[in-house]
Amino acid sequence: MDGFALPIALINFTFVLFFLYLAVRCNKVCPFCKCVIRRKATVCPRCTRDLQTKAGTPTAEPKRRAVGCPYCGQKIELLTTFKGTISCPQCKQTLSVE
């Protein structure tokens, strides 16, 4: 059994290197908020900024609005264009936003 330990360790190491390569190849870092996103993304899902403009070019901040949770009173900031359902981060109730 001891003769198989080194080859198995090399195979595991090769798989780790392969998955790291895929992670680097398929992802990039948002120049604004520094989170890891998909390489083909045109808008950052975290900060909602347009990634097709140059990183040094200032872009307009997205317009936001505050919505109050009717159950616990927690203020939730959303984009003004958002419509749908969200979950309150404090009380976990589902809210419909129009």
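## Close-up views of a predicted model

Figure 1. Ile11, Phe15, Phe18, Phe19 and Tyr21 together form a nonpolar patch on the surface, with about 570 Å² of accessible area. Patches here are made of residues with over 30% relative accessible area and no salt bridge, with nonpolar side chains (Val, Leu, Ile, Met, Phe, Trp, Tyr) joined within 5 Å and like charges within 9 Å; a salt bridge is a side-chain nitrogen of Lys or Arg within 4 Å of a carboxyl oxygen of Asp or Glu. Accessible areas come from the Shrake-Rupley method with a 1.4 Å probe, and for residues only the protein chains shown count as cover. The model is predicted, so that local features need pLDDT of at least 70 and side-chain atom pairs count only at pLDDT 80 or more, whereas totals for chains, interfaces and linings use all residues. Residues are numbered from 1 along each chain as its sequence is written, and side-chain values use heavy atoms, with hydrogens and water left out. Ile11 lies in helix α1, residues 5-26, and counts as partly exposed because its relative accessible area is 47% (buried means under 20%, exposed over 50%, partly exposed in between, with a 1.4 Å probe and protein chains only).

**Figure 2. The whole chain, for orientation.** The protein has 1 helix and 6 strands, which follow one another along the sequence in the pattern α-β-β-β-β-β-β; helices (H or I, at least four residues) and strands (E, at least two) are DSSP runs, numbered from the N terminus. Of the 98 residues of the protein, 14% count as buried, and the protein exposes about 8000 Å², of which carbon and sulfur atoms supply 61%. Among contacts between residues at least 6 apart in sequence, 6% join residues at least 24 apart, where contact means heavy atoms within 4.5 Å.

Figure 3. The hairpin has 6 residues between its strands, and Gly73 in the turn has a positive phi of about 85°. Which residues of β4 lie on its covered face, and which on its uncovered one? Ile76 and Leu78 make up the covered face, while Lys75, Glu77 and Leu79 make up the uncovered one.

Figure 4. Strand β5, residues 84-87, pairs with β6 in the antiparallel sense over 4 bridges, and Thr85 stands opposite Ser96 in β6. Lys92 counts as exposed because its relative accessibility is 58%.

**Figure 5. Residues in the loops on either side of β2.** Lys34, in the loop between β1 (27-29) and β2, has a positive phi near 65° although the residue is other than glycine, and Lys34 is exposed, with a relative accessible area of 57%. Arg39 has its place in the loop between β2 and β3, and counts as partly exposed at 43% relative accessibility. Not counting residues up to four places away in sequence, Arg39 touches Val24, Arg25, Cys26, Asn27 and Lys28; the C-alpha atoms of Arg39 and Val24, 15 residues apart along the chain, are separated by 9.3 Å. Thr42 also lies in the loop between β2 (36-38) and β3 (64-68), and is partly exposed at 38% relative accessibility. With residues up to four places away in sequence left out, Thr42 touches Arg49, Asp50, Leu51 and Gln52, and its C-alpha atom is separated by 6.0 Å from that of Gln52, 10 residues apart along the chain.

Technical notes. Two strands pair if DSSP finds at least two bridges between them.
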